[in-house]
Amino acid sequence: MARVSLSERDICSKRITPAIVAAGWCLDSQIREEVSFTKGRIIVRGKLVSRGKGKRADYILSIKPNIRLAVIEAKDNTCSVGDGIQQALGYAETLNLPFAFSSNGDGFIFHDRTGLSSTPETFLALDQFPSPAQLWQRYCAWKGLDPRAGGIALTDYHDDGSGKEPRYYQISAVNAALEAIARGEDKVLLVMATGTGKTYTAFQTIWRYRQAFPGKRVLFLADRNVLIDQTMINDFRPFSGKMAKLSTQSKTVERADGTMVNLPLGLDRKRRIDPSYEIYLGLYQAITGPNEKDKIFREFSKDFFDLIVIDECHRGSAADDSAWREILDHFSSAVQIGMTATPKETEYASNIAYFGTPVYSYTLKQGIRDGFLAPYKVIKVHIDRDVQGYRPETGQLDRDGQEVEDRVYHAKDFDRRLVLDDRTTVVAKKVTAFLTESGDRMAKTIVFCVDQEHAARMRQALINENADLVAQNSRYVMRITSNDKDGLDQLGNFIDPEVSHPVIVTTSRLLSTGVDAQTCRLIVLDREVGSMTEFKQIVGRGTRVHEDTRKYYFTLMDFRGATSHFADREFDGEPVQVYVPTGTDPIFPTDTDPPPPGQADPIPPEPGDDETVLIDPIAGPTGGDPMRKVYVDGVGAMILAERVEYLDEHGRLITESLRDYTRKALKRRFASLDDFLKRWKSEERKQAVLDELAAEGLPLDVVAQELGKNLDPFDLICHIAFDAKPLTRHERAEGVKKRDVFAKYGPTARAVLEALLDKYADDGMMSFDDPKILKINPFAHMGTEVELMRAFGKKQDYLQAMRDLQAALYEESA
């Protein structure tokens, strides 16, 4: 058979695979075909949610499972041998692989991305394909691995037999970490967006490290109890029998399968250490503190641990004087791996200065693009008191009968210095209205408040707005803060997808980091967020996709201007090192200092009109009595403005009106009204035009809701893009009936056509050519699908009638 007549699959099975196997690659363990490695981006159009197409490689070659070396893109023989090389290079870049191949069955184009070859791209005959040993040798040279280090880098991943595999970026992160350790690096930084599985990545890294160095002891540090408990019963479960929690408090935790497990403890009630375990997990608060007697970590010898993994390392270890750094300095001989979604970079603390440049980064933007993370909508709500400020009347008294200081109070003062309960009520009403209008009042929601007292008042306001659901279950709204034991006890239920209550939780900072709230659909910000690090962490509470509960996106409702961080170029960029003065440079940069030569100024000298000032929370007095809050009643507050922002096709937030954005996008697609009419008229299946627009992310259904008119997509496009006078669907349907275009058909056929017109007018149904429509009401009462189609003659006659019906609908316009 001529090769040119073979399909791509035939080319793979008959030409490419035999050539690879002949070069020494094992078909069972080293060659994988048609490997999907992304999920496909989630696209949200109003309430319609779809997935884009995921990326799939024709071949991925590995020296051992998950230790990948090369990608091959195959084409059929009508293409040239190199037609797939650019696609293969794109895949190799995503997968962080050094070698890319393209083939049409006649040979291979080989591209070496290591930079070590004088001719990076060459042609290879089928019998010249490199062997596993040859590519591994090149790989080790690229990574700087000597034979001993190469052996460490070849240690096995954990395989539980369930078929679960790490995602591609987790593989890249684990491999990068272990290769750095193999090269002798003792500090490693991994940057991975919230929701991408840092703990599972840590598990595989520790597993492989212990395969390379049997018997080595490991310390896993975190700063939230729930993080330790979740880790022990989930990702670290294969370490059972060898791991213990550094705590004196026994605890029983429920696994996902419903079984209960007692967490083993590495400390007795007298806080004495049990040295028999190999892996210890601990809260840094549990093993250190301000007093010498609290520093339990000193009971361990300095060389007791060989590997330390610091989860969410941005929260403590970056600062020289932090508690975590004290622990890290004590165990300075151990390899230390920092893991974070948001490396801290300020004048005072730097993860990069301590750990070094990240060996691997996977950002929020990448996670959304790949479909592993949920996209988001943003709703900005402006309250009149926040925007206009509040000045008390002369002699205005607070709730305690004391005169309120005469000055203008702004958003930064509310709920910190000055409490307006009417403002809290407005926020609670807006949150409740959003949940009600969304159709899901049981959507898990986190409301971030200024402090614990504000969280308590917000809880009360939300209870009053949702009295009906609170009457059914008192846990519908709860406050979860560090000082509220009843609330803390419900944290596990809130993050458990299987448990319905609590639904709405109010908090200040406890839930802003590290808690795996997979089903959180609404995040409400009613406090300023001055730190980019914390802002990224808060956004991360919503980015997890949970397909079982159909949670594919989330909404961020902002009452305090915190989402101005989206406009910051650092919001989702690569982590950067903060400028460090040297020589004669000032040790502490001032507001007026110009940027160093060649470096863009990250902060303009004055806030621009489009900025919201985000400042550090107002600090209370350093000593004496705590700051007193002033409560003023009866002031009133109202919504001044509300704005919904959308993500465009590039993932940027659109700040112009959706109607204007849609008009511009449509005019880019269709140069003129005539251009659109020709395209519409030439397409027998009108839905195909709408599908094309949907694929480009144009939310026509949302614009239709904004207009509040029952318009056909045809009229919507003509009206929005070209200012044509629109007809409603009812007007179009009535026009067809008045022209009596059904006269040539018998009674049954006319009844079907009139019913189709009614469904079009009422529901906007466009799939006239889909015979399955005849299986639903009212058609099901008229006869079977076959009987109704026979009323038109043959199936071809029925389909022609459907095309004629669509043509009649647009006859006057097109």
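Colour the chain by pLDDT, the predictor's confidence in each residue from 0 to 100. The protein chain averages 77, and 77% of the residues score at least 70. This is a predicted model, in which local features need pLDDT of at least 70, side-chain atom pairs count only at pLDDT 80 or more, and totals for chains, interfaces and linings use all residues. Residues are numbered from 1 along each chain as its sequence is written, and side-chain values use heavy atoms, with hydrogens and water left out.

Select 315-321. Here pLDDT is below 50, and the stretch has 24 contacts (heavy atoms within 4.5 Å) beyond near neighbours in sequence. Then select 573-627. pLDDT stays under 50 there too, with 57 contacts in the model beyond four places in sequence.

Show strands as DSSP runs (E, at least two residues; helices are H or I, at least four), numbered from the N terminus. Strands pair if DSSP finds at least two bridges between them. The open sheet runs 11-14-10-15-16-9-17, with parallel pairing. The twist averages 15° from one strand to the next.

Zoom to strand 15 (307-310) and strand 16 (335-340). Four bridges join this parallel pair. Val309 has Ile337 of strand 16 as its bridge partner.

Angles, from 0 to 180 degrees, are taken between N-to-C directions of axes fitted to C-alpha atoms, for helices over the stretch in contact. Helix 5 (168-182) lies across strands 9, 16 and 17, at about 170° to strand 9 (187-192).

**The cores**

A nonpolar core joins buried Ala, Val, Leu, Ile, Met, Phe, Trp, Tyr and Cys residues through side-chain atoms within 4.5 Å. Buried means under 20% relative accessible area, exposed over 50%, partly exposed in between (1.4 Å probe, protein chains only). The largest core has 90 residues; Ile20, Trp25, Phe101 and Phe129 touch the most other members. Helix 5 gives the most to it, 11 residues. Pick Phe129: its contacts include Ala19, Leu61, Ile72 and Phe108.

A second, separate core holds 39 residues, among them Leu666, Trp680, Leu774 and Tyr798.

**Strand 23**

Finish at residues 520-525. Five of the six residues of strand 23 are buried, so the strand is largely enclosed by the rest of the structure. Five bridges join strand 23 to strand 20 (444-448), in parallel. Ile446 stands opposite Ile523. Four bridges link strand 23 to strand 24 (554-558), also parallel. There Leu525 stands opposite Asp558.
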